[in-house]
Amino acid sequence: MSLNSAETDHPNRSVFVYGVLCFDKVLIALLQRLPDKTQHRVDGHIARLFELDGWMPFPVLLQHPTQQVDGFVLRGLTTQDLAILDRFEAAGHYYDRLPLFQLGDETVDYYKPTTKLLQDGTIGQVWQTEINQTLYAERYAEQVIPEFFASNPDLKL
């Protein structure tokens, strides 16, 4: 995944998460710690489950003028944290990390699904974090993340 110059100039940006990265168990498995998390609601977007062959369904954030998405802003991310999150979310070049909104002087990024992702899969029902936590957190922490690090040994903390 390529980062734009604004992102490389400020590697310690905050990130808005709304799906499996909301789950403490998943963040700890990925980053070996729990970063600072603050609840946040984003207007003008909706999180939908997305089906992609060979993958467990996962949420994507899409623009929608009348909807809101609840999630968290992750702060205090190190350059290594961002490298891990960027590669984890960019699997198959399906996401780009881009600015989403400002909180005071702070720019908060998010992982925007690419056109390639949206063309390769199917959009499903609305993602409901609380309902999906039991189904997703365990599987990601115990199966998906170990597989991710096995195929990305350079990122292991």
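Author: Let's start with charges: Lys and Arg count as positive, Asp and Glu as negative, and His and the chain ends are left out. Each charge is placed at NZ of Lys, CZ of Arg, CG of Asp or CD of Glu. On that basis, the mean positions of the 13 positive and 21 negative charges lie 1 Å apart.

A bit of housekeeping: this is a predicted model, where local features need pLDDT of at least 70 and side-chain atom pairs count only at pLDDT 80 or more, while totals for chains, interfaces and linings use all residues. Residues are numbered from 1 along each chain as its sequence is written, and side-chain values use heavy atoms, with hydrogens and water left out.

The chain has 5 helices and 6 strands (DSSP runs numbered from the N terminus: H or I of at least four residues for helices, E of at least two for strands). In sequence order they read α-β-α-β-β-α-β-β-α-β-α. Buried residues, meaning those under 20% relative accessible area with a 1.4 Å probe and protein chains only, make up 45% of the 157 residues. Contact means heavy atoms within 4.5 Å, and among contacts with a separation of 6 or more, 72% are between residues 24 or more positions apart.

Strands pair if DSSP finds at least two bridges between them; β4 (residues 95–103) and β5 (residues 106–113) run antiparallel and are joined by 8 bridges. Leu103 has Glu106 in β5 as its bridge partner. The two strands form a hairpin with 2 residues between them, and Gly104 in the turn has a positive phi of about 65°.

Follow the chain out of β5 and you reach Thr114, in the loop between β5 and α4. Its relative accessibility is 13%, so Thr114 counts as buried. Setting aside neighbours within four places in sequence, Thr114 is in contact with His93, Tyr94, Tyr95 and Asp96.

Next comes helix α4 (residues 115–120), which holds Leu117. Leu117 counts as buried because its relative accessibility is 0%. With neighbours within four places in sequence again set aside, Leu117 is in contact with Phe50, Leu52, Phe58, Val60, Tyr94 and Tyr95.

Key. Buried < 20%, exposed > 50% of the residue type's maximum accessible area, 1.4 Å probe, protein only.
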